[in-house]
Amino acid sequence: MTAADSLRAYWRARSRKERQAAWIAGAALLSVLLYLLLLGPGLAAREQLAARLPVLRAQLDDMQQQAKEFSALRKTLGDATRRADLKALLQTAAARTSFVDAVERLDADGSDKAIMRAAPVAFDDWLAWVENLQREYGVRLSTCRISTLDQPGLVRIEATFTVGQASAAKIPR
């Protein structure tokens, strides 16, 4: 006799009232288990999220306000850079780099354009410097010619910088 057969025999041996009571107890037990395993944790998570929602909304409002301020500051910075002498700005920025002595030429071509030639320059330092100019001062690399030198990592740079609208860097071939 298998376990299933013995269970069926046990069930048939019970009276109708005992079977009804067992069904009711099983349904009650199933209801309690469903609440403990599914509904309870869901309700608790809902309460936690409801408590966090005002904080998250306040953070969102703060970030949106900061984005507006950032845009206004970036516009102000761009206007200030346009009013400033681009050549002087580039000279000052280059003076803080490792390749300050490598700058061969830095000429202004109007108030919003400057041409720079430098060699030998560490390529990684050059990229970091240009990225900083773009981020901090709104100065854009308009055109750039990069030539390798005999020493690994060192290059010759011929670049044109502009102020104002972002222009895609063009690398002549």
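A: Start with burial. Buried means under 20% relative accessible area, exposed means over 50%, and partly exposed lies in between (1.4 Å probe, protein chains only). At 5% relative accessibility, Trp 129 therefore counts as buried.

This is a predicted model: local features need pLDDT of at least 70, side-chain atom pairs count only at pLDDT 80 or more, and totals for chains, interfaces and linings use all residues. Residues are numbered from 1 along each chain as its sequence is written, and side-chain values use heavy atoms, with hydrogens and water left out. The pLDDT is the predictor's confidence in each residue, from 0 to 100. Its mean for the protein is 87, and 90% of the residues reach 70 or more. Over residues 166-173 the pLDDT is below 50. Beyond near neighbours in sequence, that stretch has 15 contacts in the model (contact means heavy atoms within 4.5 Å).

Now the sheet. Helices (H or I, at least four residues) and strands (E, at least two) are DSSP runs, numbered from the N terminus. Two strands pair if DSSP finds at least two bridges between them. Here 4 strands form an open sheet in the order 1-2-4-3, with antiparallel pairing. Strand 1 (103-108) and strand 3 (139-148) stand at the edges. Each has a single partner strand, so one side of each is left without a neighbour in the sheet. From one strand to the next, the twist averages 15°. Axes are lines fitted to C-alpha atoms, for helices over the stretch in contact, and angles run from 0 to 180 degrees between N-to-C directions.

Follow the strand order. Strand 1 and strand 2 (residues 113-122) run antiparallel, joined by 5 bridges. Ala 108 stands opposite Ala 114 in strand 2. Next, 8 bridges join strand 2 to strand 4. There, Ala 118 faces Ile 157 in strand 4 as its opposite. Strand 3 and strand 4 share 9 bridges. Thr 143 has Thr 160 in strand 4 as its bridge partner. The hairpin of strand 3 and strand 4 has 5 residues between the strands, and Gly 153 takes a positive phi near 85° in this hairpin.

Strand 4 is largely enclosed by the rest of the structure, because 8 of its 10 residues are buried.

Helix 3 lies across strand 1, strand 2, strand 3 and strand 4 (154-163), and runs at about 155° to strand 1. In helix 3 (residues 86-95), the buried residues include Leu 86, Leu 89 and Leu 90. Seen down the axis, the buried residues of helix 3 fall within an arc of 125°, so they line one face of the helix. The arc is that of the directions from the helix axis to the C-beta atoms. Helix 4 (residues 123-137) lies across strand 2, strand 3 and strand 4, at about 170° to strand 3.

Last, the rings. Rings of Phe, Tyr and Trp (its six-membered ring) pair if their centres lie within 6.5 Å; planes under 30 degrees apart count as stacked, over 60 as edge-to-face and the rest as tilted. Phe 161 is buried, with a relative accessible area of 1%. The rings of Trp 129 and Phe 161 have centres 5.8 Å apart and planes at 80°, so the pair is edge-to-face. Trp 129 lies in helix 4 and Phe 161 in strand 4, so the pair ties together parts that are 32 residues apart in sequence. Ring pairs also link Phe 99, Trp 126, Trp 129 and Phe 161 into a cluster.
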